[in-house]
Amino acid sequence: MKPLLDVLIILDTLEKEGSFAAASAKLYKTPSALSYTVHRLESDLNIQLLDRSGHRAKFTRAGQMLLEKGREVLHRVHELEKQAIKLHAGWENELVIGVDDTFPFSLLAPLIESFYQHHSVTRLKFINGVLGSSWEALTQGRADIIIGAMREPPSSSDFGFARLGYLELVFAVAPHHSLAQEQEPLSRRTVKRFRAIVVGDSAHPACSTASQLLDDQEAITVFDFKTKLELQISGLGCGYLPRYLAQRFLESGALIEKNVEAQILFEPVWIGWNEQTSGLANVWWRDAVLANSAIAAVYTKSVAGKSSG
């Protein structure tokens, strides 16, 4: 394989430089050494790569094909070398990123593009919709980093974390839902009479307030907040939604916000990572998420002075 790679390099340089003399200067070898290497491969394969009948060697059809295909091989070899160097320097081969379902995944698209422009050695794998198991995905080794996790982070020193802010929740119903006409603040007894829409299970942090209110209540369980939103707009149930997700529907009148007694409207949201397996890609992602203004805009930085009604 090595003689073939050597010939591919020679042919590539010869075509670019125009002559064996110029190619030899570029490759720091004598013209005779380059010519011998090419001739040796021609003899081994019983083909002719260069027509040497004229003043300057010209590529034959076989030589032209090997040049074109060979450049693809050289590019791949070069990329493989770069990947090996980056992996040796501490860049992970694969990074698994858990994304809580309350987090707007579309905000990660610019970060993914930026990451791959400079660090394509690391394959990215996203686990979406981890819901209440965000921290479990990290502590059980199913994710290297999690974004948008709720509830309190693990106390183990094996894991690092930083707070993104507080997610604002809103209790919302369709304008034709019976609760839309009820006097506020809604009591637990009143809310319990109506069907709830919950995600995953009622233990999810974003449903924690709702689960306290909706014990023994009829409920429809769905797999993500987009579906929950659609069902609440349709009037099939009630429940809490992230404000960023519900806001435009509140403004358009497709949903109506209702105040509920003793409700908790702000939940802390975190980014967490495994300190023991953290490499350069992990560091890049957590720094990028924490510095991103669009992500920061989703969350409230402080809940001081904000009333739950």
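A salt bridge is a side-chain nitrogen of Lys or Arg within 4 Å of a carboxyl oxygen of Asp or Glu. R193 and E182 form one, with their closest N and O atoms 3.6 Å apart. This is a predicted model, in which local features need pLDDT of at least 70 and side-chain atom pairs count only at pLDDT 80 or more, while totals for chains, interfaces and linings use all residues. Residues are numbered from 1 along each chain as its sequence is written, and side-chain values use heavy atoms, with hydrogens and water left out.

**Salt bridges**

- A search of the whole structure finds nine salt bridges.
- R193 lies in the loop between helix 7 (188-192) and strand 7 (196-199), and E182 in the loop between strand 6 (159-173) and helix 7, so the pair ties together parts that are 11 residues apart in sequence. Helices (H or I, at least four residues) and strands (E, at least two) are DSSP runs, numbered from the N terminus.
- R193 counts as exposed at 55% relative accessibility, whereas E182 is partly exposed at 29%. Buried means under 20% relative accessible area, exposed over 50%, and partly exposed in between (1.4 Å probe, protein chains only).
- E42 forms a salt bridge with R52, the closest N and O atoms being 3.1 Å apart. E42 is in helix 3 (residues 31-45) and R52 in the loop between strand 1 (50-51) and strand 2 (58-59), so the bridge ties together parts 10 residues apart in sequence.
- E42 counts as buried at 6% relative accessibility, and R52 is partly exposed at 34%.

**A salt-bridge network**

- D12 and K16 form a salt bridge, with 3.2 Å between the closest N and O atoms. The two are four residues apart in helix 1 (residues 2-17), which separates them by about one helical turn.
- D12 is buried at 12% relative accessibility, while K16 is exposed at 56%.
- A network of salt bridges links D12, E15, K16 and R71.

**Aromatic pairs**

- The structure holds nine aromatic pairs. Rings of Phe, Tyr and Trp (its six-membered ring) pair if their centres lie within 6.5 Å; planes under 30 degrees apart count as stacked, over 60 as edge-to-face and the rest as tilted.
- The ring centres of F105 and F126 are 5.2 Å apart and their planes stand at 85°, so this pair is edge-to-face.
- F105 is partly exposed at 31% relative accessible area, and F126 is partly exposed at 26%.
- Ring pairs join W91, F105, F115, Y116, F126, W284 and W285 into a cluster.
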